[in-house]
Amino acid sequence: QVIRREDYTAPAFLIETVELVFDLDREATIVASRLSLVANPERGTGAGDMVSLDGEDMKLLSLKVDGVALPADAYEVDTTGLRFKAPSERFVVEIETRISPVNNTRLEGLYVSQSAYCTQCEAEGFRRITYFMDRPDVMATYRVTINAPRESCPVLLSNGNLVSSTDLEDGRHQAVWDDPFPKPCYLFALVAGDLACVEDSFKTMSGRDVALRIFVEHGNEDRCDYAMDSLKRAMKWDEDVYGLEYDLDLFNIVAVSDFNMGAMENKSLNVFNAKYILAKSDTATDTDYELIESIVAHEYFHNWSGNRVTCRDWFQLSLKEGLTVFRDQEFSSDQRSRPVQRINDVQRLRAGQFPEDGGPLAHPVRPDSYIEINNFYTATVYQKGAEVIRMMHTLLGAEGYRKGIDLYFERHDGQAVTCDDFVRAMEDANGVNFDQFRLWYSQAGTPNLVWEGNYDADKKVFCLTIEQKTEPTPGQTLKSDLQMPVKIGLLARDGRELHAQTIDLTQAKQDFLFEDIAEQPVVSFNRDFSAPVNVGTTPSHDDLAFLMGNDTDAFNRWEAGQKYASDLLIAAVRAYDKSGDADAALGNVDAFCDALRATLTNDDLDKAFRAQAMILPGEAMLAEQLRPADPEAIYQVRQALRQKVAIALQDEFEAAYRHNASNDAYSPDATSAGQRALRAVALSYLAATGEGVFIDLALAQYRTADNMTDRMAALTVLNNQDHPGREEALADFESRFANDTVVIDKWFSLQAMSSRTDTLEQIKKLMEHPAFTMRNPNKVRALVGTFAMANQRNFHAADGRGYAFYADRLMELDNLNPQVAARLAAPLGKWRKFDEDRASKMKAELKRILAKENLSRDLYEIASKSIAD
Ligand code: ARG
Ligand code: ZN
């Protein structure tokens, strides 16, 4: 059943207050709900109109309206919900239901993770707890009573303020929570269990003292410092940059091991996937620390962008997600190196969103229809949505953007609104018209830009011609021209910047004239990735090498290196397909190596940046640019270029490896992390020379590492080798961390990533490992998901065994947790990019999935859209 944006109607009734009483039991939890309903004046409804409540997977025990039990013929209940006629314009509904948390393998609604109860309600999990109008435009205040055994559940949490804690009979106790802020039910949360607590506090700008608590499994108390510190920095940043202050006296975070996504912004009770909270130096890498910082901030920022102002309907998801991602990206940029952060964010956009936008699952930032909303928590809604906000920030400037934000929160606090309302606030606060810009919300597909420069030496005028075009996407054949800010720089041959400007591109083809340009300039195009587009124009290798060394925009220095490498690799893949000789296919790459050397040895540049600049475009990224893509050829050619670079720069890599060793105690700060990153890149290239001494070096680093970053860097190198050191290090890692559910996932995913040709066999064996289970999403993503998402070579092995294995796992998972199964299914939909043989094997697997008995709506939507021609 397809849900369409154009069909939106306001709810027939509103819910003003919700009182919930939970009697917790793993097998049979009783939920009593008391709702005060009122007819929606906007709809003119009243007595006799149908009240329709959503509900799934639970047992209705009793139903009363205005205190009287409804006779069986006065209501209708089925597997999707409950319906009855309103007695008047204002009435009270009381409902009792029974649910079974321990049997909830979908991890939506109320479920059990390890020993604790927890909830996940976004997008539509609340309807698995009780019958309700499960839609974000129904906002109510909640009072929640939790009854549970004191011994197994000493901690009882819900949203808002704790009103009372009482002892009950039979070893049970009770907590009552009250949330004064009206909220949609997707922000409801409940947690109960035997959890440890780490506590701190924050004083807000108006002087309110907020208690900050992080709840974790016992034994993990020493892994919360970084998350807590990130939270305090995020709270301060939101005050400084957005003028937004926290609004309650308590802010709770709970880390759980079983979680479908990254984290959830429930009002004052954020629930996190434990991997995005827990960190100490010997269990978490620098990248883990970065992710913790940004996700803790992201969920905190939702308190305003999402909770105080929420979405009218789920088509508007990017209203809160695009904005909040932009906010967390900017927070991280201010905490760390801005260019490195931008490079990471763009890489993520290119790796995740561009393929989505160019494939069968393409959809606008504000989708027009869906079958299962959980399938729309996508890179397009999140990452592209953030780029759209970023473009408004660029077009309006920081001050104009802030004016728009202030107006948005002033106008809409306490409301459920649309993406359009957000844009209108930006327009009204700045007196601009964004009619054309709005198309970014409705039009799918990544625009392609090409440019051409013409210099008139006599007049000293430079003319830049830019053309834009967006290819058709499924269901959207006609595309319009978009408005976008394109930052450019014109550079003199000696590296001086002659001119820099933000161009406002609005037409299909547009000329821009620049006067008083003293010499033929080198163009630095789309600086800082100001517009989220593909740029089809590739400058000459000379110009790219020049930009790598001289561009005053750090992002484009990196970008020039990527373009240069892609150009070499793509030409070589084409040549390899004929000759089968990767070295010969690459030819002479000395000039490229010289340009990389200049970056590697430039001590004026940030080490994190230099490390980034050494990394060649990934195999998946290259496959995107080739049609058909030959994964084996891509792998061989990329390895060959790595080896050539490694040999050419061996001395410099050895020096970088030596000079970046550190005797200081581990610190997760950006500078230290940059130093470790550069050293890791050096080690990885040294191993790529093919000389055994460097494998020994990696093994030595593994043995002596005193932090997880260095340990994983060494293990990553060993993981692709045929060397006894690999077995030794993997076995050591296993014995150290087998009982550490967060850390052992690194060990699973690393092996799933190995380029060795026995990887699939290894994965099958690892599925029998005692630490592995299909019931834990992190485990499935680490071992199974990684194989399809990060192992091009083996997933696409020509015999098709990778595809078959993968489809089997998706079907197995679909029976347990359809949401996670669907989220992992996209790789099989990439068949159009590959040769006929692979394409037909991938399609056959999709057909097999579509023929499965009891196929979920979630997986059906992805598989059916993926197979459509
Ligand atoms: N709102 C959460 C976040 O981005 C994501 C949770 C979505 N969960 C889901 N099952 N669709 O912070
Ligand atoms: Zn979010």
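Predicted model: local features only at pLDDT ≥ 70, side-chain atom pairs only at ≥ 80, totals over all residues.
H20 runs over residues 741–753, and from its first C-alpha to its last it reaches 19 Å, which is close to the 18 Å expected at 1.5 Å a residue. Among the buried residues of H20 are Trp747, Phe748 and Met753, and the list also includes Asp745 and Lys746. What do the buried residues of H20 pack against? They pack against helix H18 (708–719), helix H19 (724–737), helix H21 (759–766) and helix H22 (777–790).

Let me turn now to a pair of helices. Helix H8, residues 541–550, and helix H11, residues 590–600, pack at an angle of about 10 degrees, and their axes are 9 Å apart. Angles under 35 degrees count as roughly parallel, and H8 and H11 are therefore roughly parallel to each other. On the H8 side the contact is made by His541, Ala545, Met548 and Gly549, and on the H11 side by Ala591, Ala595, Ala598 and Thr599.

Finally, some strands. Strand S5, residues 59–65, pairs with strand S9, residues 90–99, in the antiparallel sense over 6 bridges, and here Lys59 has Arg98 of S9 as its bridge partner. S5 also pairs with strand S6, residues 68–69, again in the antiparallel sense, over 2 bridges, with Ala69 of S6 as the bridge partner of Lys64. S5 and S6 form a hairpin with 2 residues between them, and in the turn Asp66 has a positive phi of about 50 degrees.

How values were computed:
Residues numbered from 1 in each chain as written. Chains lettered and ligands numbered in written order. Axes fitted to C-alpha atoms, helices over the stretch in contact; angles between N-to-C directions. Helix = DSSP H or I, 4+ residues; strand = E, 2+ residues; numbered from the N terminus. Parallel < 35°, antiparallel > 145°, perpendicular 65-115°, else oblique. Contact = placed C-beta atoms within 7 Å. Expected span 1.5 Å × (residues − 1). Buried ≥ 20, exposed ≤ 12 C-beta atoms within 10 Å, placed from the backbone. Pairing = 2+ DSSP bridges.
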